[in-house]
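I opened this model to take notes on its folds, its loops and its contact. My entries follow in the order in which I looked things up.

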Amino acid sequence: MAMTDVTRRDALRYLFEKVVDPLGYKFTPDEELADFLLEQEVKLEQDHEAPYCPCQGRSGVRAEDMQVVCPCIPFHREHFDKMKRCWCGLFVHKDVTDPDSLPQFPPDEA
Amino acid sequence: MADEVFLYALSTCPWCRKAKQFFTDNQIPFDFVDVDQLQGAAQDAAAEKARELSGGRRYPVVVINGEVVAGYNPDRYLELLRSRW
């Protein structure tokens with residue numbers, strides 16, 4: 001990663017923390033996963049002008065695509081609260097200490 | 001009868017990588033497409049197909065013997081694999 005990308009990654013981390021904290025979420029304690037996802041978001045931002053979720057597709061419809069810009073928790077709150085994490089896993093509920101124990105789907109969709 | 005497995009994935013998604021790794025580790029042949037690596041109309045068509053199958057835009061979308069699984073769900077994958085019965 002270029003130095004500017006590392007700087008941007010760290011800037012996103014700083015900014016996102018302030019957004020997700022009041023929502024009851026925190027960064028995943030899996031630092032390797034967090035760094036990987038943030039690096040993907042830096043690339044997506046460079047290519048598509050916004051740090052989109054690395055695990056959700058864009059439709060080309062602006063109103064829909066804005067709902068998958070990270071952190072997208074407010075747009076998918078009910079779903080994510082059931083999983084105790086966001087879809088890509090960058091954020092988990094504050095009470096989560098073992099993110100590997102969490103599924104990538106809500107219990108009622110298993 | 002052999003299992004038919006197809007993944008719609010994004011190259012940026014670690015869960016898509018985990019899903020591919022799951023099938024590789026279990027020696028289950030599979031095909032996949034990284035939708036974001038396609039260009040133009042091919043990308044639009046693959047994205048639309050994944051959306052139609054899963055009802056959303058979340059990846060991975062895994063199709064096992066005609067059944068759709070949205071997300072990384074190894075327990076469900078195993079349930080749907082004929083070769084694992």
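**Entry 1: a strand pair in chain B.** I started with strand E3 (residues 61-64) of chain B, which is joined to E4(B) by 4 bridges. The two strands run antiparallel. I picked out one pair of residues: B:Val62 is opposite B:Val69 in E4(B). I keep in mind that this is a predicted model.

**Entry 2: a helix on the sheet.** Next I looked at what packs here. Helix H2 (residues 40-54) of chain B packs on the sheet and touches E1, E2, E3 and E4 of chain B. I noted its direction, about 70 degrees to that of E3(B).

**Entry 3: the parallel pair.** How many bridges join strand E1 (residues 5-9) of chain B to strand E2 (residues 31-34) of chain B? I found 4 bridges, and these strands run parallel. I followed B:Ala9 across to its bridge partner in E2(B), B:Asp34.

**Entry 4: the whole sheet.** I then wrote down the strand order in chain B: E2-E1-E3-E4. The sheet is open, has 4 strands and shows mixed pairing. The parallel part is E1(B) with E2(B); the antiparallel part is E3(B) with E4(B). At the edges I found E2 and strand E4 (67-70) of chain B, each pairing on one side only. Neighbouring strands of this sheet are turned by 15 degrees against each other on average, direction ignored.

**Entry 5: the crossover.** Which elements make a β-α-β unit in chain B? I traced E1(B), helix H1 (residues 14-25) of chain B and E2(B); the unit is right-handed. H1(B) lies across E1, E2 and E3 of chain B. It runs at about 160 degrees to E1(B).

**Entry 6: cis peptide bonds.** I checked omega next. In chain B, a cis peptide bond joins B:Tyr59 and B:Pro60, with omega at about 0 degrees. B:Pro60 sits in the loop between H2 and E3 of chain B. A:Pro71 belongs to the loop between helix H3 (62-65) and H4 of chain A.

**Entry 7: positive phi.** I looked for positive phi outside glycine. B:Gln27 has a phi of about 55 degrees. It lies in the loop between H1 and E2 of chain B. Is B:Gln27 buried or exposed? I call B:Gln27 exposed because 7 other C-beta atoms lie within 10 Å, and 12 or fewer is the cut-off for that class.

A:Lys84 has a positive phi too, near 65 degrees. I placed A:Lys84 in the loop between H4 and strand E2 (91-93) of chain A. A:Lys84 has 19 C-beta neighbours inside 10 Å, so it counts as partly exposed. A buried residue would need 20 or more.

**Entry 8: the contact between chains.** I took down the residue counts: 16 residues from chain A and 15 residues from chain B. On the chain A side I noted 11 nonpolar, 5 polar and no charged residues.

**Entry 9: confidence in chain A.** Chain A averages 91, and 95% of the residues score at least 70. Which element of chain A has the lowest mean pLDDT, and which the highest? Helix H4 (residues 77-83) of chain A has the lowest, 90. Strand E1 (residues 25-27) of chain A has the highest, 97. My reading rule stays plain: where pLDDT is low, the predicted coordinates should not be read in detail.

Terms used. Residues are numbered from 1 along each chain as its sequence is written. Chains are lettered from A and ligands numbered from 1 in the order in which they are written. This is a predicted model: local features need pLDDT of at least 70, side-chain atom pairs count only at pLDDT 80 or more; totals for chains, interfaces and linings use all residues. Two residues are in contact if their C-beta atoms, placed from the backbone, lie within 7 Å. Ala, Val, Leu, Ile, Met, Phe, Trp, Tyr, Cys and Pro count as nonpolar, Asp, Glu, Lys and Arg as charged, and the others, Gly among them, as polar. pLDDT is the predictor's confidence in each residue, from 0 to 100. Two strands pair if DSSP finds at least two bridges between them. A crossover is right-handed if, with the strands pointing away from the viewer, the path from the first strand over the helix to the second runs clockwise. Axes are lines fitted to C-alpha atoms, for helices over the stretch in contact, and angles run from 0 to 180 degrees between N-to-C directions.
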